[in-house]
Amino acid sequence: MTGHPANGLDDTVHQRVRLGILTIAHEARRVEFSYLRDNLELTAGNLSQHLGVLEGAGLITIEKGYAGKRARTWVTLTKAGQAALAEEITQLKLLISQIEHAGRSPG
Amino acid sequence: MATETASPGDDPQRLLSSTRELTQRVRRDQRATWFPLLVFAVLTFASIPVRRYSGHHLDCAAVPRVCTVYSDAEFVYWPVALVLAYVAIAGFYIRRSRARGVGTRVRPYTIAGIIIAVVLTGVALWEVRNPPVHPVGLSGLAYQLARPAGAIGLALLVLAWAERNRALLLLTLAYLAAVLVPITFGPLQPGAPWYLYPAVVQGSVLLLGGIGFALAQRPLRSPAP
């Protein structure tokens with residue numbers, strides 16, 4: 001194990017769609033399936049797969065219910081999900097700063 | 001250890017900028033700044049006839065010679081109106097949040113608003129028995145903030161924080177300036193034409209702000225089904 005920030009990246013979170021889900025859930029506190037699907041431009045099946053991965057890792061909770069006669073699925077970020085998102089953002093910033101630093105170094 | 005093959009979309013720079021863009025999009029969808037501003041503008045304008053046509057009494061300090069004009073009905077009007085306004089605003093945000101499918105941070109705003117309304121009621125009741133001796137200077141600042149218009153400004157500051165809305169923060173600071181530096185042209189007497197000017201100015205700032213936010217946020221509302 002080296003101190004390189006790439007080693008600190010979590011495979012579950014370090015993925016465009018899953019990071020997007022966590023980001024939206026973090027800002028919204030509670031977000032509906034259709035909002036995620038529309039904003040991340042995914043099919044329902046694709047989104048369900050990603051949600052399953054995040055739920056399996058304990059990063060989100062999924063709640064199903066009804067609003068009137070309409071079935072709804074709500075996604076909420078867990079504390080572990082908040083920590084994982086914060087860690088991913090930190091590692092991404094570190095990685096970018098190291099890449100920029102390496103780019104500026106001579107030779 | 002990471003074993004997945006990296007895709008171009010997983011590039012750190014792109015991931016970070018995509019995260020920022022999504023954050024901004026969610027915040028835009030959560031905002032409904034125009035509604036509380038218009039509600040408070042309506043309350044402020046509605047307070048004008050309440051103030052104008054209700055009974056008044058004067059409390060004067062001997063030295064310096066400073067008098068405060070009290071509108072009796074306002075003691076009842078503002079606490080009731082503010083609580084009803086926060087109930088309406090909370091209801092509006094929750095309904096909108098359900099319709100859009102994205103949560104909202106209305107809870108801290110509602111709690112702050114209700115606390116401010118309760119404190120305002122306490123101050124109003126205390127004033128009835130203990131009129132302020134010297135409502136100017138440093139103590140005058142706290143005095144002005146405890147007035148209904150100041151309470152609206154404080155609640156709007158909380159809303160600016162909850163919505164992470166810099167434009168609302170700037171508008172609120174302008175509004176608070178209008179509240180803390182009231183426009184007067186002489187001694188305030190209930191019959192004087194400028195007696196109602198502060199409420200007109202404050203209501204106008206809220207109304208124009210509400211219209212501005214409504215226009216700015218209109219194109220970003222979700223399309224009709």
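Q: Which residues does A:L85 touch, not counting residues up to four places away in sequence?
A: A:L85 touches A:V13, A:L22, A:T23 and A:H26. What makes each one a contact is the rule: the two C-beta atoms, placed from the backbone, lie within 7 Å. This is a predicted model: local features need pLDDT of at least 70, side-chain atom pairs count only at pLDDT 80 or more, and totals for chains, interfaces and linings use all residues. Residues are numbered from 1 along each chain as its sequence is written, while chains are lettered from A and ligands numbered from 1 in the order in which they are written.

Q: Does A:L85 count as buried or exposed, and how do you know?
A: Count its neighbours. A:L85 has 22 C-beta neighbours inside 10 Å. A buried residue has 20 or more other C-beta atoms within 10 Å of its own, an exposed one 12 or fewer, and a partly exposed one falls in between. So A:L85 counts as buried.

Q: Where is A:L85 found?
A: A:L85 lies in helix α4 of chain A, residues 79–104. Helices are DSSP runs of H or I with at least four residues; strands are runs of E with at least two; both are numbered from the N terminus. The C-alpha atom of A:L85 is separated by 9.7 Å from that of A:D10, 75 residues apart along the chain.

Q: What makes β2(A) and β3(A) a pair?
A: Eight bridges join them, in the antiparallel sense. A pair needs at least two bridges found by DSSP. So β2(A) and β3(A), with eight bridges, qualify. A:T61 stands opposite A:T76 in β3(A).

Q: What is the strand order of the open sheet in chain A?
A: The three strands run in the order β1-β3-β2, with antiparallel pairing. β1 (30–32) and β2 (60–67) are edge strands because each pairs on one side only.

Q: Which residues touch the most other members of the largest nonpolar core?
A: They are B:F40, B:L82, B:A85 and B:A151, in a core of 35 residues. A nonpolar core is a set of buried Ala, Val, Leu, Ile, Met, Phe, Trp, Tyr and Cys residues joined through C-beta atoms within 7 Å. α6(B) gives the largest share, nine residues. Leaving aside neighbours within four places in sequence, B:A85 is in contact with B:V39, B:F40 and B:L43. A second, separate core has 26 residues, among them A:L19 and A:L95.

Q: Are α7(B) and α8(B) roughly parallel or roughly antiparallel, and why?
A: Their angle is about 170°, with axes 9 Å apart. Axes are lines fitted to C-alpha atoms, for helices over the stretch in contact, and angles run from 0 to 180 degrees between N-to-C directions. Under 35 degrees is roughly parallel, over 145 roughly antiparallel, 65 to 115 roughly perpendicular, and the rest oblique. Therefore α7(B) is roughly antiparallel to α8(B).

Q: How many nonpolar, polar and charged residues has the contact of α7(B) with α8(B)?
A: It has eight nonpolar, two polar and no charged residues. Ala, Val, Leu, Ile, Met, Phe, Trp, Tyr, Cys and Pro count as nonpolar, Asp, Glu, Lys and Arg as charged, and the others, Gly among them, as polar. B:L171 in α7(B) is one of the residues in this contact, and B:G209 in α8(B) is another.

Q: How many residues does each chain give to the contact between chain B and chain A?
A: Chain B gives 20 residues and chain A gives 23. α1(B) gives the most to the side of chain B, with eleven residues.
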